[in-house]
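Please read them with the coordinates open.

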Protein chains: 2
Amino acid sequence: MPYFDVASAAPLHPVARQALQASLDEGWADPARLYREGRRARLLLDAAREAAAEAVGCRPDELVFTPSGTHAVHSGIAGALAGRRRVGGHLVVSAVEHSSVLHAAEVHAAHGGTVEQVPVSRTGAVTREGYERALRPDTALACLQSANHEVGTVQPVAEVAEACAAAGVPLLVDAAQSLAWEPAPAGWSLVAASAHKWGGPPGVGLLAVRKGVRFAPQGPADERESGRAPGFPNLPAVVAAAASLRAVRAEAQEQEQRLRVLVDRLRRRVARLVPDVEVVGDPDRRLPHLVTFSCLYVDGESLLHELDRAGFSVSSGSSCTSSTLTPSHVLRAMGVLSEGNVRVSLPLGTTAAEVNAFLEVLPGVVAGVREKLGVHPAAAVPPVASSVEVDALGLLCPQPVIELAKAIAAVAVGGTVTVLSDDEVARLDIPAWCALRGHEYLGEAPGPGGGVTYTVRRLV
Amino acid sequence: MPYFDVASAAPLHPVARQALQASLDEGWADPARLYREGRRARLLLDAAREAAAEAVGCRPDELVFTPSGTHAVHSGIAGALAGRRRVGGHLVVSAVEHSSVLHAAEVHAAHGGTVEQVPVSRTGAVTREGYERALRPDTALACLQSANHEVGTVQPVAEVAEACAAAGVPLLVDAAQSLAWEPAPAGWSLVAASAHKWGGPPGVGLLAVRKGVRFAPQGPADERESGRAPGFPNLPAVVAAAASLRAVRAEAQEQEQRLRVLVDRLRRRVARLVPDVEVVGDPDRRLPHLVTFSCLYVDGESLLHELDRAGFSVSSGSSCTSSTLTPSHVLRAMGVLSEGNVRVSLPLGTTAAEVNAFLEVLPGVVAGVREKLGVHPAAAVPPVASSVEVDALGLLCPQPVIELAKAIAAVAVGGTVTVLSDDEVARLDIPAWCALRGHEYLGEAPGPGGGVTYTVRRLV
């Protein structure tokens, strides 16, 4: 039963399990105590810190262990902003950062700071120039992920770091998705990461702060972890995290080559086997193990449910699978289709047979969901009008786009379809559908009695 | 090799180990995901929450898991204060709370709030009246531990809770030291606790918030744990924590009886076997497994070092064992001696033979440390003066008190000794020594060229 959601959480690596079990006996005591159990715990903690620091590419005294990657991001951003409070309250983040970064930015804004989002291309990448435009004399901190967690696009961190260095602004790099593969990219001032993404246990994050970077830990004081991560250290898990990071790195090159071939195959075959699909993210500058695509006329929840029934565990950035009914901010920032979105992220050791099995069931699953939603291949009927209005009020994603696709067949090339919808997702998916199908998106306007009208000109 | 510091961290309970290992296979995935691995993780999380809630004495939806007891305290206090911001910014805590509570209070004060400490008796207990005096119309929150972590004194939580309820003020109870033995004491509005204190793994705390208590989580938003504990849940450890809490409760009654007998014996025998010792904390209303005493004329670090060499792992609230050179705030608030302080906290299953072995080595260890520090039984020399001045500038604890004890023999009854010291600990230990030895403490004054003079009248 293949599990293809390692970008969310990786199964525990065998080395992590071994290290965890060994350190349950040796590492339960307080490493701050002077008696033998404390000294043993301290030795384990020091060794884990050295191993993790080597894998990150920093000095041991620059690195602390936090209770999660989310905590590392939250406390890293808060501490770096506070450390440069005198410079100003301007924070620069990319539009496709992990929600933990964006949530920390929201808190900063709520406390009077200003936050600027750097836009991304349709493949999800920022540019050096984008950061250069955003940096200001009062910029306290910039944040950039090493690679995107939803679409796998690798960011030009080294270039952005140069721009930040030139402006004297520290750069926090969220390396959660890439630390299994390689050290944190050059030029970082702070790095955050999360052990359960590389096969370590949950309950462990990393925060590294380069010597010389101004950093003022926020929240209540605590002597643990240089005052940067309060609470009793989660030592057995920390030991397991460090050991497994070293282990996955040792096999990274071989695994990367294998998984890259499998993901290349997924990218090619999905585009060929599934009609009306958009494979998103950068085709080249990307994580080796992750691919994301969006299927038109399908809702993500049904798709995931059917794939789960078929034995495949995957994830989705579609609004239909979340409780909030807003689509993934990453897909929105990229301007790509969010409906029927599927993220496949392969664990170490995934076989070609597992990937082939997925490719075998996927087209049928997508067709089945479309069938249930009443989507049929457009019959070759002659166009009947030069403009059509579609009332999609009350219909949720993917229905408005399904209605639009039906209606477009009814107008002549050059004619228009206007969709009236009160589904927030339509604002993203209708333009994305136009880009995908080669039609012209003419814009939106307030609807006559509520909702919004979206107008599309048929071009093909 | 007996480990007697369970109040700091308990060795992993066998049930915790079993549960941890089992849930490493079943509980590594994201419980928020809809696929089978996520649903399995969700089931484990729900079951752990139910078990923990039953042990605390609350509804499952009132309880969240945090990365540590410290995090539970920090976020519990911050959320409760924010939830009642309109009432006011007054926070009431006891003077002997755990440092995590006092650190959270410091942050509150730094942000413009006011903090009031309720004093304790010489046994370390607060009173209902003490809280009643402290509560004001603008009091947002009161905090009280269920039992003290350094001296074991059990606090009158139910009575204080009544006073808080009468004033309409929520009460946060830090139950870290008592949750292994019994549910949180009646009347709490919020409860915090820590799994590694009861034999669960590190990395897990509990925060329960009663329905109806106003609570506004602080820090960046996060969907996990009702928005009250951000970050990917540490599920295997959470499962182990809940399972071990249930297990220690099942054996609590039998263990409590056994350990209480052993601690009674320790209290009696230490007072009899070691000269110049003060056994602190309430002799009756106390935790079953913990006893603390302070040995005059001994520095805590040497004492702990020698006890460790003799095979016993114990803790100390003495300044000499910490990096900060300030004595335990608990002992200071109680007004008891801090020098030569030893805390013995027995794990489940401690045997009478282990306790007897400790009692056998302790007197010799204390005598050995005193010998090295040049402390000898006062020779029966006749007093030579009516007042003596001792220059103890530059000497650290326990030397000023050792010098005082030597000098007191040189003055007649009714005469005075004045000690000039720049050691901050002297301010606590000289009055405590007077109380212990039956002399009169006359007060302090600024020294002629720096330091402080402490004057003592010999009475016996």
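1. First, a term. Contact here means heavy atoms within 4.5 Å. By that cut-off, and leaving aside neighbours within four places in sequence, A:L287 is in contact with A:A147, A:N148, A:G152, A:V154, A:Q177, A:S178, A:W181 and A:R260. Keep in mind that this is a predicted model.

2. Where does A:L287 sit? The residue lies in the loop between β8 (277-280) and β9 (290-295) of chain A. A:L287 counts as buried because its relative accessible area is 3%, and buried means under 20%. One of its contacts is A:W181. A:L287 and A:W181 are 106 residues apart along the chain, yet 8.8 Å separates their C-alpha atoms.

3. Domains of chain A. The assignment gives domain 1 (14-249), domain 2 (253-372) and domain 3 (385-457). Between the C-alpha centres of domain 1 and domain 3 of chain A, the distance is 43 Å.

4. Helix α1 of chain A. The helix covers residues 14-26, 13 residues in total. From first C-alpha to last it reaches 19 Å, close to the 18 Å expected at 1.5 Å a residue. Its buried residues are A:A16, A:A19, A:L20, A:S23 and A:L24. They cover an arc of only 140 degrees around the axis, so they are on the same side of α1(A). An α-helix has 3.6 residues a turn, so residues three or four places apart point the same way. On the other side of α1(A), A:P14 and A:Q18 are exposed.

5. What covers the buried residues of α1(A)? The cover includes α2 (36-56) and α7 (235-250) of chain A. Helix α1 (14-26) of chain B is also part of it.

6. A:H13. This residue is in the segment before α1 of chain A. A:H13 is buried, because its relative accessible area is 12%. Apart from neighbours within four places in sequence, A:H13 is in contact with A:G199, A:S244, A:A247, A:V248, A:E251 and A:L348.

7. A:R343. Is this arginine buried or exposed? A:R343 counts as buried because its relative accessibility is 6%. The residue is found in strand β10 (residues 341-345) of chain A. Its side chain makes a polar contact with the side chain of A:D5, at 2.8 Å.

8. The interface. 57 residues of chain B are in contact with 56 residues of chain A. The two chains bury about 4,500 Å² between them, with 59% of it on carbon and sulfur atoms. Which residues of chain B lose the most area to chain A? They are B:W28, B:Y35 and B:R36, together 15% of what that side buries.

9. Helix α12 of chain B. This helix (residues 399-408) is mostly covered, with 8 of its 10 residues buried. The buried residues are B:Q399, B:P400, B:V401, B:I402, B:L404, B:A405, B:A407 and B:I408. They pack against β11 (385-391), β12 (411-421), α13 (426-437) and β14 (452-457) of chain B.

10. An exposed site. B:A166 is in helix α6 (residues 157-167) of chain B. B:A166 counts as exposed because its relative accessibility is 68%, and exposed means over 50%. B:A166 and B:L459 are 293 residues apart in sequence, and their C-alpha atoms are 46 Å apart in space.

Notes: Residues are numbered from 1 along each chain as its sequence is written. Chains are lettered from A and ligands numbered from 1 in the order in which they are written. This is a predicted model: local features need pLDDT of at least 70, side-chain atom pairs count only at pLDDT 80 or more; totals for chains, interfaces and linings use all residues. Side-chain values use heavy atoms; hydrogens and water are left out. Helices (H or I, at least four residues) and strands (E, at least two) are DSSP runs, numbered from the N terminus. The expected span of a helix is 1.5 Å times one less than its number of residues. Buried means under 20% relative accessible area, exposed over 50%, partly exposed in between (1.4 Å probe, protein chains only). The arc is that of the directions from the helix axis to the C-beta atoms. Domain bounds come from an automatic or database domain assignment. A polar contact is a pair of N or O atoms within 3.5 Å; within protein, one must be able to donate a hydrogen and the other to accept it, and residues adjacent in sequence count only if both atoms are side-chain atoms. Buried area is the accessible area (1.4 Å probe) that two parts lose on being put together, summed over both.
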